[in-house]
Amino acid sequence: MAESLDVKFHVFDLEFQAYKEQSGKLGSFTIFKSCIRKINDEKTENRRFIIIDRHESRDKAESRKLFISSAAYSHKDKMFKCKINLLRDKAPSFLDKEKLTISSNINLRNKELVETTNFYVDMDKNNFPTIICEYNNLGPKISDIEFYFRTISSRKHLFISKACKAKIHMEKSVEHVLESMQDIFRFKFKAKPENLPSLYRNIDDAFISNMQSLGNTVDPKSIRVDLSFKDQSGKNLTSSTNHKMMSTSKKILNAVLNNTKVIEDIDDFFIEYEDSDGNSNDFSLIRGKVFLECDCPLKDGKKGLLDTKFLFEEINSKYLDYKSSK
């Protein structure tokens, strides 16, 4: 069995928007600290977690119940060290290696299964609280953290913020690509069929609805589209601007700016484009995200559990390097 795991972290800013009458008094740092205080007070005084179901308003949808179980401040690092958890509706199966049987009939008694995502919050004031978030395919994502703090700060709890937006750090900003893009030479897009309805609601483009139709026709596990507008020699196939592909690309990029979940629903988005200086350029939405990586050892005698002290120290060191290079 592996003695360590490769762990990736993404970086994003969390921007709150206070209600108009409080806009001059409450900034994003103050609102965030108020949310953390509410979470910790509920745990210490009432001995309960604040559980928020992101899918509560959806009919017949699997629940997505989230709660923050830990939010401790490190004065030395000027950071909150936090854990956000996702309660699982479906029990996993377990392998009995001696009997070679697989079963989900495990008596958990009063316990529930959770998936945990570690995240750290830089409170060394820049513009907004910066969150360094572990990538956990099965656990809470960036959009879950955004939703959780949006709900805690809203009228449902603290009534101090009317909006909360996560802005993911990219190697090349989406805004820059939108401003400079003049033509499209190549377009690649990949998504799972089950994510296409959500993508269509957020992007509202015929390209996505056509992918939905294809998915409904042949029932694939994923759909990948790779379009080239150059011939084999690299020469453009059309002399005029590809307005249709430009429109679709801009809708996708604007949707990414407006809704954090869009970037999580897309498996791949890549474009080669001509910029405003007439140069050929490219942009990858997924591979273009800033990420920090750590080979983290597992705890001795604790099967599959990360050494979280080592993890924080390594990722914090890499984050400080990234921060100083900006």
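This is a predicted model: local features need pLDDT of at least 70, side-chain atom pairs count only at pLDDT 80 or more; totals for chains, interfaces and linings use all residues.
## Aromatic pairs

The structure contains 14 aromatic pairs. One of them joins Y120 and F312. Their ring centres lie 4.9 Å apart, and the ring planes meet at 80°, so this pair is edge-to-face. An angle over 60 degrees is what counts as edge-to-face. The partners come from distant parts of the chain. Y120 belongs to strand β7 (residues 114–122), while F312 belongs to helix α8 (residues 308–325). Y120 is buried, at 4% relative accessibility. F312 is buried too, with a relative accessible area of 5%. The cut-off for buried is under 20%.

A further pair is formed by F189 and F207. Here the centres are 5.9 Å apart and the planes stand at 85°, so the geometry is edge-to-face. F189 sits in strand β10 (residues 183–191). F207 sits in helix α5 (residues 206–218). The pair therefore ties together parts that are 18 residues apart in sequence. F189 is buried, with a relative accessible area of 1%. F207 counts as buried as well, at 15% relative accessibility.

Some aromatic residues group together. F32, Y73, F80, Y148 and F149 make up one aromatic cluster.

Two lysines sit over rings. K81 lies over the face of F312, 4.6 Å from the ring centre. F312 is also the ring that pairs with Y120. K188 places its charged end over the ring of F270. The distance to the centre of that ring is 5.0 Å.

## The largest pocket

The largest pocket holds about 1400 Å³ of space. Its lining has 42 residues. Closest to the centre of the pocket are R64, N137, K141, E264 and D265. By class, the lining has 21 charged, 13 nonpolar and eight polar residues.

At least two residues each come from the strands β1 (4–18), β4 (79–87), β8 (130–134) and β12 (266–274). The helices α2 (142–153), α4 (196–203) and α7 (260–265) also supply at least two each. The largest share is that of α7, with four residues.

## Helix α6

Helix α6 spans residues 243–258, 16 residues in total. From its first C-alpha to its last, α6 reaches 22 Å. That is close to the 22 Å expected at 1.5 Å a residue.

Which residues of α6 are buried? They are M245, M246, T248, S249, I252, L253, A255 and V256.

## Two residues with positive phi

R47 is not a glycine, yet its phi is positive, at about 55°. R47 is found in the loop between α1 (28–46) and β2 (52–53). This arginine is exposed, with a relative accessible area of 77%. The cut-off for exposed is over 50%.

F159 is another non-glycine residue with a positive phi, here about 60°. The loop between α2 and β9 (161–168) is where F159 lies. Is F159 buried, partly exposed or exposed? At 41% relative accessibility, F159 counts as partly exposed.

Technical notes. Residues are numbered from 1 along each chain as its sequence is written. Side-chain values use heavy atoms; hydrogens and water are left out. Rings of Phe, Tyr and Trp (its six-membered ring) pair if their centres lie within 6.5 Å; planes under 30 degrees apart count as stacked, over 60 as edge-to-face and the rest as tilted. Buried means under 20% relative accessible area, exposed over 50%, partly exposed in between (1.4 Å probe, protein chains only). A charge sits over a ring if NZ of Lys or CZ of Arg is within 6 Å of the ring centre and within 35 degrees of the ring normal. On a 1 Å grid over the protein atoms alone, a cavity is a set of points where a 1.4 Å probe fits but cannot get out, and a pocket is an open set with protein on both sides within 12 Å along at least five of seven lines; lining residues have an atom within 4 Å of a point. Grid points are joined across faces, edges and corners, and a volume is the space filled by probe spheres set on the points. Ala, Val, Leu, Ile, Met, Phe, Trp, Tyr, Cys and Pro count as nonpolar, Asp, Glu, Lys and Arg as charged, and the others, Gly among them, as polar. The expected span of a helix is 1.5 Å times one less than its number of residues.
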